[in-house]
Amino acid sequence: MTDDSNLKSCSTGITRRSTLLAGVGLAAAGTFLDSFGTTASAQDTSAFYPPVTPGIEPRGARVQPYPAACVQSGVVRTFDSSGNFLPDALKHNVDAMCDLIRRGADEHGARLMSFPEFGLQVPSVPMTPAQWWPGTIRADGPEIERIGKAAQDADAYVAFNPMEGIDRFPGRYFLAGMIVGPSGDVILNYRKLTGLTGKTRPGDLLSAWLDHFGADSLFPVADTPIGRLACVVAGDMNYPEIARGMVLKGAEVILSPTASATYPADHSFEVPVNTTMTRRVRAYENVAYVLLSDLGPVGADAQPPFRRRQPSQIIDFKGNKLAGTQSGGVEYAVATIDIDALRRERTSLGGSNLLSHLQMPLHREMYSAADFAPVNTHLDAPLASTDEHSAAQRETVSRLVEQGILVPPGIG
C-alpha cells in the first residue's frame, strides 16, 4: 500500500459556524484533548492501478466518477458538567452540520460526505444511559429531517453518527451510523456492534432486536446510483468480520465515522497509527473504498498547546490514501470515487481480485463452532455500570482459557 494520490485535500478555513475549538473529553469513548488547525496542503501524486484481465463483459450503466468528502467537523458539548442535556447546543451542532453539507456541495461538488463520530452529541463527563436518553435523536426526528433537507439541497448522500434513542428500547442509547440520501430520507441505519461503553449494542438484546428489526439490520447496505454504501462506526472497523459482512452483501464504499485518540500537536502521522492501518487493510482486503472521517475540534474555549486526532482520510480499494486532512480543525478531505474502476477490479481474473478467491465453506464450521463473548446480556434493562462489561469479559477469557483457545501468561 502507498500514500499516493492525484487528488486534493482541501481546507474550509474558518467560518462563523466552524470556529469551534478544542477543550473537552469524550467520556463515552475515553477522555480526549482536542486540537485545531486552519491550513491544508495539496497532495499531487498518482496512485498506481495495475491493469487487470476482465472476467466478464461490461453491462448496464456506468457510474461516473464523483467527488466525495470526509468532513472533519467540530462540535460543542450537548451535556453540561452534571450530565444535563443542552438542547440549544444540539441545535447548534445540527445547524453547523447542515451548513457544512451545503458548503461541501457548493465548494467541492461532493456527491458523498461522511461526518465523524460524536459529530452531533458529545458529553463533558462520563454519563449513564439514563442521562444520555434525553439527548438522543430519533431516526424520524426533527434533527434528522433538517439534515435530510440539507442533503436534499446538496443533492448528496451524507453519513453521520448520532446517539440514537429507540422508543421500543427506552432508557438506552445506540451509536448509529445513518446515511441520508438526496431524497432527504434515511436510506441506511447501522448501530455500532462493539465497544465496552454505556451504550447498548444490538447483540446485548439480540433476540429482541431480531424480533423487532430483523437480521438485515445488523449489516445493512444501501444500493444507490453512486454505488453500494455501508457505514461502520468507529472501533467496529477493528473487526474484519464486520466490514466483510457488509461486503458479502455487496458494499463498495464503507463510510467510517470515528473519534480517535489524540496525539501531541507535533506528532507526525507519516507513520500510520492503528486508526489508519485498520482502515487501509479493510479497504485492501475487501476491494472497497473507505472514508475515515475523524472528529475535529470540541468545545468553544480551547487554549494552546493543541492536540490533534488521526487525520481524516479517503482510502481507495487498493489501500492507497487518496486525500487527508492537514490540521485538527474543521476541514474537508476531498477525492474522486471511481466505482467503475472498483467494479473492474472485483470482476477481474487473477490474484488482485481477492474476494473471488474466498472459499467460504472452509470457514463456516470454524465460525459456527466458536463461542466467545455472550449475547442477550441486557435483554431486560440497559447497562447499569461498565463494571458489568468487566465481569462478562472476565468470564469469556476464563472460558476460552479452559477450552485451550487462550493461554495465560506465566508466573515469575
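**Notebook: pockets and cores**

I looked up which element lines the largest pocket most, and α9 leads with seven residues. I am working on a predicted model, where local features need pLDDT of at least 70, side-chain atom pairs count only at pLDDT 80 or more, and totals for chains, interfaces and linings use all residues. Residues are numbered from 1 along each chain as its sequence is written, and side-chain values use heavy atoms, with hydrogens and water left out.

**Terms for pockets.** Rolling a probe the size of a water molecule over the atoms shows where empty space is left. A pocket is an open set of points on a 1 Å grid over the protein atoms alone, where a 1.4 Å probe fits, with protein on both sides within 12 Å along at least five of seven lines. Lining residues have an atom within 4 Å of a point. A volume is the space filled by probe spheres set on the points, which are joined across faces, edges and corners.

**Largest pocket.** I read a volume of about 1700 Å³. Its lining has 41 residues, and T194, Y239, E241, I242 and Y367 are the closest to the centre. I sorted the lining into 23 nonpolar, 10 polar and eight charged residues. Here Asp, Glu, Lys and Arg count as charged, Ala, Val, Leu, Ile, Met, Phe, Trp, Tyr, Cys and Pro as nonpolar, and the others, Gly among them, as polar.

**Second largest pocket.** This one has a volume of about 720 Å³. I found 28 lining residues, with I56, D340, R343, R344 and T347 nearest the centre. Helix α7 (residues 339-346) gives the largest share, six residues. The lining splits into 12 nonpolar, four polar and 12 charged.

**Cores.** Next I checked the nonpolar cores, sets of buried Ala, Val, Leu, Ile, Met, Phe, Trp, Tyr and Cys residues joined through side-chain atoms within 4.5 Å. Buried means under 20% relative accessible area, with a 1.4 Å probe and protein chains only. The largest core holds 53 residues, and Y66, L112, V253, L291 and I337 touch the most other members. Helix α5 gives the most to this core, four residues. A second, separate core of 28 residues includes L120, A150, A156 and M178.

**Whole chain.** I noted nine helices and 18 strands. These are DSSP runs, numbered from the N terminus: helices are H or I with at least four residues, strands E with at least two. Of the 412 residues, 52% are buried.

Methods. Buried < 20%, exposed > 50% of the residue type's maximum accessible area, 1.4 Å probe, protein only.
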